[in-house]
Amino acid sequence: MMGSLGHLLVGLIDDIMVGRLGAVELAATSLGNSLVFIALSIGIGFSFAITPLIAESDGENNVEKGRSVFHHGLILTTIIGVVMFIMLLFLKPILYHLDQPEEVVVLAIPYYEIVAFSMIPLMIFQGFKQFADGLSQTKYAMYATIITNIVNVVLNFALIYGFWIFPRLELVGAAIGTLISRVVMVIFLYIVLMKKEKFAVYMQKLKLHEIKKKVFLKIMSLGFPTALQMLFEVGLFTASVLLAGTLGAFPQAANQIALKLASTTFMIAVGVGVAATIRVGNQKGLKNYLELRRIAFSNFLLILIIMFIFSIGFIVFKDILPWVFTDNLEVIKIASSLLIIAAIFQLSDGMQAVILGALRGLQDVNVPSFLTFIAYWIIGFPVCYYLGKVVDLGTFGIWIGLLTALTSSAIMLFLRFNYLSNKLIKEKNGIT
């Protein structure tokens with residue numbers, strides 16, 4: 001959970017520290033991060049394909065298979081990082097045509113350019129992280145993200161506000177802090193993995209003749225649909241940012257506050273989802289499908305308990321949490337109302353994230369991608385647009401649409417996992 005949360009905390013820290021500069025500056029980081037977060041989610045979603053394959057090979061006690069998957073996966077994640085950076089540079093002009101306040105766009109552009117470059121070290125890190133996760137060694141990525149966030153806070157303080165010999169760079173300072181902290185994250189995890197005996201066999205470099213097209217294709221066959229799943233969900237939340245932006249800088253800033261808080265709890269759910277992927281993948285390798293189903297349902301129950309606690313917290317502290325980001329009373333009032341909806345959809349959001357993790361452990365990715373597309377774009381987005389713009393409920397209406405999408409996704413994905421796990425048990429027992 002801490003390893004997954006660490007990525008989002010970097011952006012959350014940027015928002016909190018930039019928010020002290022003003023509502024327009026906070027809206028600018030929101031806009032700048034909107035496209036970057038889509039690219040980030042696609043990249044991370046693609047890297048998730050490494051974990052179930054490593055977990056399966058670990059369950060089979062097949063070290064050479066795991067080593068091959070790791071190195072092929074690391075090559076792919078590095079390439080994706082470079083491609084995502086170039087793509088984000090080409091997409092930069094879109095920021096001028098999203099019907100956003102002009103002063104917000106002007107501030108967002110330089111922040112966006114630097115954070116886009118940080119996609120490269122981030123995706124290299126993901127290659128290492130998902131490999132270590134697949135071997136059930138999740139603590140090293142956690143250490144790396146903790147160090148990253150400490151470095152980010154220190155650099156942000158120095159570069160956003162100006163301290164000692166450092167100039168006051170405001171939003172650009174926040175972006176530089178993010179870039180440097182992500183480079184530190186990669187270096188730290190690489191050094192740790194090189195020094196630990198458990199990883200020694202895996203860290204031996206692949207020879208040229210060991211690089212195989214079929215391994216790349218296997219990872220891509222799992223990674224591409226998983227990336228689409230992340231794209232469909234994050235794309236909807238990004239659309240909510242842009243819809244809120246058409247209502248003005250204050251609604252956009254309020255939307256960003258509520259979205260950051262909801263995204264923080266979501267990343268904790270993603271962490272439990274990774275645990276589900278690892279354990280389900282292990283049992284798939286062992287062909288122990290009864291235990292696989294028991295483990296998956298244990299994860300589902302765990303996330304319901306965790307997200308219920310967050311739900312209560314959002315309701316109790318809805319008038320206090322926005323003050324962490326800004327002291328603008330209008331922004332705080334709007335954000336407070338959105339946190340009520342965020343509290344309600346915590347259970348749905350957590351469940352769908354963990355069920356997706358369990359399905360990845362089964363290496364079932366194509367049908368879940370189709371189901372998430374239906375939930376977010378056939379059901380969710382029309383509700384967001386209709387209630388937010390047509391009925392004129394504003395950001396509150398947009399968030400009712402998000403609630404509808406997440407609940408639809410959770411229900412459909414649960415039915416899918418229940419069907420597949422029962423089917424595997426029946427097939428093993430010879431029941432038709």
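Which residues does I160 touch, not counting residues up to four places away in sequence? I160 touches M17, V18, L21, L155, R168, L169, E170, G173 and A174, where contact means heavy atoms within 4.5 Å.

The structure is a predicted model, in which local features need pLDDT of at least 70 and side-chain atom pairs count only at pLDDT 80 or more, while totals for chains, interfaces and linings use all residues. Residues are numbered from 1 along each chain as its sequence is written, and side-chain values use heavy atoms, with hydrogens and water left out.

**I160 and helix α7**

I160 lies in helix α7, residues 139–161; helices (H or I, at least four residues) and strands (E, at least two) are DSSP runs, numbered from the N terminus. Its relative accessibility is 0%, so I160 counts as buried. Buried means under 20% relative accessible area, exposed over 50% and partly exposed in between, with a 1.4 Å probe and protein chains only. Other buried residues of α7 include Y140, A144, T148, N152, L155 and L159. Between the C-alpha atoms of I160 and A28, which are 132 residues apart along the chain, the separation is 14 Å.

From first C-alpha to last, the 23 residues of α7 reach 33 Å, close to the 33 Å expected at 1.5 Å a residue. The expected span is 1.5 Å times one less than the number of residues in the helix. After α7 comes G162, with a positive phi near 85°.

Most residues other than glycine have a negative phi. S136 and K287 have positive values, as tabulated.

**Packing of α3 and α11**

Two packed helices are described by the angle between their axes and the distance between the axes. For helix α3 (residues 50–59) and helix α11 (residues 249–286), the angle is about 45° and the axes are 7 Å apart. Axes are lines fitted to C-alpha atoms, for helices over the stretch in contact, and angles run from 0 to 180 degrees between N-to-C directions. α3 and α11 are therefore oblique to each other: angles under 35 degrees count as roughly parallel, over 145 as roughly antiparallel, 65 to 115 as roughly perpendicular and the rest as oblique.

On the α3 side, T51, P52, A55, E56, D58 and G59 meet T277, I278, G281, N282, K284, G285 and L286 of α11.
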